[in-house]
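Here are my notebook entries from an afternoon of looking things up.

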Amino acid sequence: MNDYDAIVVGAGNAGLTAAATLQRAGVRTLLLERHNVPGGCGTSFRRGRFEFEVALHQLSGVGVDGQPMSLREGLFTQLGIEDKLEFVQEHDLYRAVVPGELDVTLPADWDGAIAALEDQFPGNRDRVAKFFDLLKTITFWQIAAMRGMPAEQIDPVLFRYGLRSVRSVLDEFFDDDRIKLALGMYWTYLGQPPSKLLFQDLALTLFAYLEFKPWHVRGGSQAMSTAILDSFLGAGGEVRFNTGVAAILAQDGRVLGVRLDDGTEITAPEVVSNASLPTTYGMLRGIDLPDAVRTDLASRRIGVSGFVLHMGLDATPAELGFTTSTTFVNRDTDDDRTYESWRSLEAARGICVSSYDVAPIGFAPSGATHVSLMTLQYADIWRGIDPADYARAKFAYAETLLDLCETVTPGIRDAIEEVDVATPLTMMRYLGHPGGAIYGYDQDAAEGWLFRNSERETHVPGLHLAGSWAGIGGFQPTLEAGARVARRLLRRTAA
Ligand SMILES: Cc1cc2nc3c(=O)[nH]c(=O)nc-3n(C[C@H](O)[C@H](O)[C@H](O)COP(=O)(O)OP(=O)(O)OC[C@H]3O[C@@H](n4cnc5c(N)ncnc54)[C@H](O)[C@@H]3O)c2cc1C
């Protein structure tokens with residue numbers, strides 16, 4: 001008799017939704033998490049009188065009243081938590097700024113975004129409208145293809161445009177680099193510059209936020225993680241925090257259970273891993289790593305991590321000069337150079353500024369503001385820093401993010417009451433992922449859903465992969481991935 005029917009390793013988004021989906025279907029599930037709180041990236045922490053959101057800048061997949069989207073209407077309803085979460089709408093996509101060159105705010109609304117761009121760059125209305133039409137068409141056919149529509153039934157426009165780089169499509173539509181920058185700004189959420197990012201990936205992201213709006217959650221992403229955990233526990237699930245898994249055990253060609261850091265062994269015929277792929281396969285014992293897995297892992301690149309300056313500010317968003325929840329500030333329009341700078345400690349060239357009190361999520365006391373400044377970064381540069389120099393280096397680098405922020409909110413330094421800084425090493429420490437990668441592998445063309453599907457086939461019976469490393473990173477994709485993997489497991493075991 002096995003100790004459990006299933007074990008889930010890791011309580012990030014995908015681990016949580018996998019565990020809750022399994023347990024609610026009657027599968028006796030044990031959830032094991034190395035950290036002391038649920039959520040992985042989806043968490044928060046306290047400094048002084050502020051709570052700091054760790055990761056969630058803009059949640060997709062919620063949708064508006066009368067047009068709910070897959071998270072609100074689907075997953076959260078299935079888990080019985082739709083009424084336990086309060087979603088806070090951001091009315092703008094973002095403000096995009098290049099000091100002295102560009103300052104445009106795009107409303108989260110197709111017509112509003114066209115009007116805002118026409119206002120700043122007269123004579124481009126038709127081009128932007130046509131670009132948005134293409135974006136909607138590409139998204140429609142991409143979703144049809146993802147859902148399994150045969151290639152011969154897909155409109156060839158998807159193949160003509162979807163696999164081209166964002167840069168080449170923007171170049172086809174626009175002459176002015178500033179419009180290209182304003183429309184391509186979400187590349188920093190996807191971790192690849194417009195010269196490498198597939199147009200279909202940007203199209204899906206822009207479509208998701210323009211059609212279904214960007215959202216925050218009251219109580220932050222931690223509220224979401226806690227609600228999913230409660231759904232799991234309410235169905236009879238069992239969780240152990242401060243409990244790392246050291247090995248995934250196999251025997252006779254299939255999974256047998258796990259061994260914890262303290263040596264305890266727990267049996268279950270199904271193990272779902274929310275840990276990274278290199279960690280998961282590296283933990284396998286009692287079975288040779290299948291060649292297909294070895295070849296696959298050797299061809300992939302560890303993705304980008306992040307550097308975040310969290311601040312509690314003793315002033316209101318209006319006093320500080322914030323007009324939108326999300327502001328992107330770039331030093332110039334050279335995105336390739338900005339991407340290259342993620343491998344160095346040169347002064348930050350582009351930041352995402354999240355002001356969590358323009359549409360308050362409840363983390364700052366009245367009259368105060370919680371703001372985070374973030375740039376993506378690869379971990380290698382931090383690994384080389386002498387531990388004795390680490391604190392100085394991280395605060396020195398954080399100053400460069402503040403310098404960029406001061407171009408839109410002059411005097412913000414004077415309002416600082418609390419600060420904390422997270423580097424890629426912080427992400428590594430709290431997530432246990434190689435490179436502290438926050439979206440899994442680099443999300444370039446070779447990682448696209450057309451070419452790889454690590455989630456569907458592990459080549460090890462009883463082992464299942466759920467999360468950013470097995471598919472697409474980000475909140476909505478990983479929340480949905482966990483439930484999808486659990487449903488597939490349920491179908492297989494029922495068959
Ligand atoms: C600063 C930051 C900003 C971000 N901004 C956004 C955003 O605005 N929008 C968006 O969509 N996405 C954003 N992301 C990305 C998004 O948060 C992640 O892609 C997503 O949350 C990853 O979820 P996951 O299910 O893959 O699990 P993860 O969050 O990666 O969690 C994995 C969990 O597994 C646990 N674990 C690992 N190994 C073991 C082990 N051996 N034993 C036990 N437990 C283990 C870890 O402790 C962790 O809790 C951001 C991320 C960060 C860090």
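How many salt bridges does the structure hold? I found 27 salt bridges. The term means a side-chain nitrogen of Lys or Arg within 4 Å of a carboxyl oxygen of Asp or Glu.

**Ground rules**

I noted that this is a predicted model, where local features need pLDDT of at least 70, side-chain atom pairs count only at pLDDT 80 or more, and totals for chains, interfaces and linings use all residues. Residues are numbered from 1 along each chain as its sequence is written, and side-chain values use heavy atoms, with hydrogens and water left out.

**Entry 1: some salt bridges**

I looked up Arg-259 and saw that it forms a salt bridge with Glu-265, with 3.1 Å between the closest N and O atoms. Buried or exposed, or partly so: I needed the cut-offs, which are under 20% relative accessible area for buried, over 50% for exposed, and partly exposed in between (1.4 Å probe, protein chains only). Arg-259 is partly exposed because its relative accessibility is 29%. Glu-265 is also partly exposed, at 47%.

Next I checked Asp-296 and Arg-300, whose side chains meet in a salt bridge at 3.0 Å, N to O. Asp-296 has 23% relative accessibility, so it counts as partly exposed. Arg-300 is buried, with 11%.

Then I turned to Arg-349, which forms a salt bridge with Asp-332, the closest N and O atoms being 2.6 Å apart. Why does this pair tie together parts that are 17 residues apart in sequence? It does so because Arg-349 lies in the loop between α14 (335–341) and β19 (350–355), while Asp-332 lies in the loop between β18 (326–330) and α14. The helices (H or I, at least four residues) and strands (E, at least two) are DSSP runs, numbered from the N terminus. Arg-349 is buried at 3% relative accessibility, whereas Asp-332 is partly exposed at 23%. I also wrote down a network: salt bridges with shared partners join Glu-399, Asp-403, Glu-406 and Arg-413.

**Entry 2: around the ligand**

Which residues are closest to the ligand? They are Glu-33, Ala-55, His-433, Ile-438 and Phe-475, out of 36 residues that surround the ligand. A residue counts here if one of its heavy atoms lies within 4 Å. I sorted this shell by class and got 18 nonpolar, 16 polar and two charged residues. α1 (13–24), α17 and α18 (475–494) each supply at least two residues of the shell, and α17 gives the most, with three.

I then listed polar contacts, meaning pairs of N or O atoms within 3.5 Å. A ligand nitrogen is 2.6 Å from a polar backbone atom of Ala-55. A ligand oxygen is 3.0 Å from a side-chain N or O atom of Asn-274. For Ile-438, a polar backbone atom is 2.7 Å from an oxygen of the ligand. Taken alone, the ligand exposes 1000 Å², and the protein buries 97% of that.

**Entry 3: a surface patch**

I found that Leu-163, Leu-450 and Phe-451 form a nonpolar patch on the surface, with about 270 Å² of accessible area together. Accessible areas come from the Shrake-Rupley method with a 1.4 Å probe; for residues, only the protein chains shown count as cover. Patch residues have over 30% relative accessible area and no salt bridge, and nonpolar side chains are joined within 5 Å, like charges within 9 Å. Leu-450 is in the loop between α17 (424–431) and β22 (463–465), and is partly exposed at 38%.

Notes: A polar contact is a pair of N or O atoms within 3.5 Å; within protein, one must be able to donate a hydrogen and the other to accept it, and residues adjacent in sequence count only if both atoms are side-chain atoms. Ala, Val, Leu, Ile, Met, Phe, Trp, Tyr, Cys and Pro count as nonpolar, Asp, Glu, Lys and Arg as charged, and the others, Gly among them, as polar.
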